[in-house]
Amino acid sequence: MVIAIDGPAGTGKSTIAKRIARHFNMTFLNSGSFYRGVTLLLLENNKDMQDFEAVCEFARKLTIDYINERLVIDKRDVDDLLHTDRVDQHVASLSSIPELRSIVNEKIRFITKSQSIVCEGRDMTTIVFPNADYKFYLDASLDVQAQRRFDQGLSELSLEEIKDAIRERDRIDKSKTVGALKKAEDAVYIDTSDLTIEEVCAIIVSKINI
């Protein structure tokens, strides 16, 4: 079974997807971590981010695993290194490369062939798993998105800088030629701005019949 959750940053996707996975005893998968992992490795190896052909060739050779819900690349656990400002700076533009998205999506589909998952990202319900058993699109106001990201304490940016970064990230994601951020026609829309995590989870659980 696949439960897919889409939506922009700061809408609670990761936290909610994790709780739903625990509730149904399924595996949680964060698709964004795959793009962040590729970005991290490109930065560490000083690759030219503008050479899209070289970027894709580099990504194609990476061995990516998802072990105990943590990203492992070439047998190295990189999960704690994925949310730095430097990775944030490059991941949106890199994830806009159609060929790179195809490479990453195939890796994600391969990993999830043998297990029931709750996956979250920005095109889970439209591109990666268009035939998912259940689809949800989470949304929130920009102010709420920025405040939630700021409260995570993972960035050295100010609240206003985070807001600007999220605005730009969402603009890029919504204008992608492939894998654009948008609501699937059959996805359940939930505005999380004024809802608690528990309230959002309750709504999702009520829509799932297992």
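Tutor: Let us begin with helix 7 (residues 142-151) and helix 8 (residues 159-174), whose axes come within 9 Å and cross at roughly 120°. The model is a predicted one, in which local features need pLDDT of at least 70, side-chain atom pairs count only at pLDDT 80 or more, and totals for chains, interfaces and linings use all residues. Residues are numbered from 1 along each chain as its sequence is written, and side-chain values use heavy atoms, with hydrogens and water left out.

Student: Why is helix 7 called oblique to helix 8?

Tutor: Angles under 35 degrees count as roughly parallel, over 145 as roughly antiparallel, 65 to 115 as roughly perpendicular and the rest as oblique. The angle here is roughly 120°, and therefore helix 7 is oblique to helix 8. The axes are lines fitted to C-alpha atoms, for helices over the stretch in contact, and the angles run from 0 to 180 degrees between N-to-C directions. The helices themselves are DSSP runs (H or I, at least four residues), as strands are (E, at least two), and both are numbered from the N terminus.

Student: What is the hand of the crossing of helix 7 and helix 8?

Tutor: Helix 7 passes helix 8 in a right-handed crossing. A crossing is left-handed if the near helix is turned anticlockwise from the far one by less than a right angle, and right-handed if clockwise.

Student: Which residues make the contact between helix 7 and helix 8?

Tutor: Contact means heavy atoms within 4.5 Å. Helix 7 contributes Leu142, Asp143, Gln145, Ala146, Gln147, Arg149 and Phe150, while helix 8 contributes Leu159, Ile162, Lys163, Ile166, Arg167 and Asp170. These residues divide into six nonpolar, two polar and five charged. In this scheme Ala, Val, Leu, Ile, Met, Phe, Trp, Tyr, Cys and Pro count as nonpolar, Asp, Glu, Lys and Arg as charged, and the others, Gly among them, as polar.

Student: What makes helix 2 and helix 5 oblique to each other?

Tutor: The axes of helix 2 (residues 31-44) and helix 5 (residues 98-111) come within 10 Å and cross at roughly 125°. Helix 2 and helix 5 are therefore oblique to each other. Their crossing is right-handed. Ser31, Phe34, Tyr35 and Val38 of helix 2 meet Leu100, Arg101, Val104, Asn105, Ile108 and Ile111 of helix 5. By class, this contact has seven nonpolar, two polar and one charged residues.

Student: Why is helix 1 described as oblique to helix 9?

Tutor: Helix 1 (residues 13-23) and helix 9 (residues 197-207) pack at an angle of about 50°, with their axes 10 Å apart. That angle makes helix 1 oblique to helix 9. Helix 1 passes helix 9 in a right-handed crossing.

Student: How do you know that Leu71 is buried?

Tutor: Buried means under 20% relative accessible area, exposed over 50%, and partly exposed in between (1.4 Å probe, protein chains only). Leu71 has a relative accessible area of 0%, so it is buried. Leu71 belongs to strand 4 (residues 70-73). Beyond residues up to four places away in sequence, Leu71 touches several others, including Ser33, Phe34, Tyr66 and Leu82.

Student: Why is Lys75 called exposed?

Tutor: The relative accessible area of Lys75 is 81%, and so Lys75 is exposed. Lys75 is placed in the loop between strand 4 and strand 5 (76-77). Its phi is near 70°, a positive value in a residue other than glycine.

Student: Is Val55 buried or exposed?

Tutor: Val55 has a relative accessible area of 1%, and is therefore buried. Val55 lies in helix 3 (residues 52-61).

Student: What makes the chain as compact as a globular protein of its length?

Tutor: The chain has nine helices and eight strands. Its radius of gyration is 16 Å, close to the 17 Å that the globule rule gives for 210 residues, so the chain is as compact as a globular protein of that length. The radius is taken over C-alpha atoms, and the globule rule is 2.2 Å times the number of residues to the power 0.38. Of the 210 residues, 49% count as buried.
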